[in-house]
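Q: Please take a close look at a single part of this model, the boundary between its domains, and at what surrounds that part. I would like the cut-offs stated for each term you use.

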Amino acid sequence: MFAVALREALVAGECDVIVHSLKDLPTAEHPDLRLAAVPKRADARDALCARDGLTLAELPEGARVGTGSPRRIAQLGAARPDVVAVDIRGNIDTRLGFVGHEDPERRLDAVLLACAGLGRLGREASVTERFALSGWPTAPGQGALALEVRDERGSRALERGLAAVEHVTTRATVLAERLVLADLEAGCAAPIGATAFLEDELLFLTATVYSADGTRQLTSSHAATPESRSAADLADAARDVAGRVVAELLGNGAADLAPALESP
Ligand SMILES: NCc1[nH]cc(CCC(=O)O)c1CC(=O)O
């Protein structure tokens with residue numbers, strides 16, 4: 001919603017650059033806009049912000065945990081089927097405000113949020129647990145920013161300037177993750193987690209598709225060896241590894257598992 005409004009302002013010339021959270025951008029390219037830079041990614045993990053310093057395992061049976069994300073609801077269901085997921089909306093401080101809310105009707109025991117957003121707002125002190133990406137993969141592109149400009153001659157100098165904050169590895173890893181969404185024809189509301197990282201000479205990608213309640217899940221992991229660390233070779237490796245992960249997920253019945261996989 002915010003990304004669409006910002007893009008309208010950019011196309012209308014009301015601003016010249018947008019700083020998006022990359023995970024909020026549709027995977028399809030915008031015909032009139034360009035991703036001028038993807039800076040180095042912040043922490044891609046999800047965090048639990050619970051009352052009394054509690055971790056997910058320590059929450060009492062039937063605890064109420066706030067999140068509006070189908071992926072987080074499924075992951076919560078997989079980890080703690082007894083816990084109740086409560087649909088919440090609003091900005092990060094609004095969501096944090098539900099923990100220990102004075103109104104018992106609205107009060108929650110915890111909320112699930114992205115480490116990156118909490119960090120940018122200086123709210124790390126609210127975090128009581130960070131979930132390892134290996135068991136709790138997050139939204140494609142989570143933790144990364146995207147700097148967007150108009151695709152026009154007048155923006156070329158601006159684009160060259162913004163290239164100073166480009167981080168080639170982040171661009172390639174978020175490409176691999178977003179291709180999973182795009183190739184599964186899934187929207188941002190699909191219960192899918194994807195995590196890519198570059199280690200030694202390998203680009204690793206792991207993606208998990210969940211049933212809505214998290215009781216069933218499918219995971220696929222592959223690695224590709226980029227020819228070099230150039231942007232073009234890393235992008236080729238990202239497409240290669242994403243293609244193999246998606247083929248394996250579909251071959252194992254991902255579409256039946258999550259009929260919620262629908263076009264954005
Ligand atoms: N869904 C909304 C959203 N979009 C980006 C972030 C912050 C994390 C990021 O920039 O990747 C958040 C909040 C959240 O998921 O907790």
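**Between the two domains**

A: The centres of domain 1 and domain 2, taken over C-alpha atoms, are separated by 26 Å. Domain 1 comprises 2-42 + 140-257 and domain 2 comprises 46-130, with bounds that come from an automatic or database domain assignment. This is a predicted model, in which local features need pLDDT of at least 70 and side-chain atom pairs count only at pLDDT 80 or more, while totals for chains, interfaces and linings use all residues. Residues are numbered from 1 along each chain as its sequence is written.

Across the boundary, 15 residues of domain 1 are in contact with ten residues of domain 2, contact being defined by C-beta atoms, placed from the backbone, that lie within 7 Å. On the side of domain 1 that touches domain 2 there are seven nonpolar, seven polar and one charged residues, where Ala, Val, Leu, Ile, Met, Phe, Trp, Tyr, Cys and Pro count as nonpolar, Asp, Glu, Lys and Arg as charged, and the others, Gly among them, as polar.

The ligand belongs to this picture as well, because both domain 1 and domain 2 give residues to the shell around the ligand, so that shell lies between them. Its residues are Ser 21, Lys 23, Asp 24, Leu 113, Ala 114, Ala 116, Gly 117, Gln 142 and Gly 143, a residue being near a molecule if its C-beta atom, placed from the backbone, lies within 6 Å of it. By class, the shell has three nonpolar, four polar and two charged residues. Strand E6 (110-114) and helix H4 (115-120) are the elements that give two or more residues to it; helices (H or I, at least four residues) and strands (E, at least two) are DSSP runs, numbered from the N terminus.

The largest nonpolar core has 63 residues, and those with the most contacts inside it are Ala 176, Val 180, Leu 203 and Ala 238. Such a core is a set of buried Ala, Val, Leu, Ile, Met, Phe, Trp, Tyr and Cys residues joined through C-beta atoms within 7 Å, and a residue is buried if 20 or more other C-beta atoms, placed from the backbone, lie within 10 Å of its own. Helix H7 (residues 231-251) supplies the largest share of this core, eight residues. Leaving aside its neighbours within four places in sequence, Leu 203 is in contact with residues including Ala 176, Ala 196, Leu 234 and Ala 238.

Definitions and conventions:
Two residues are in contact if their C-beta atoms, placed from the backbone, lie within 7 Å. A residue is buried if 20 or more other C-beta atoms lie within 10 Å of its own, exposed if 12 or fewer, and partly exposed in between; C-beta atoms are placed from the backbone.
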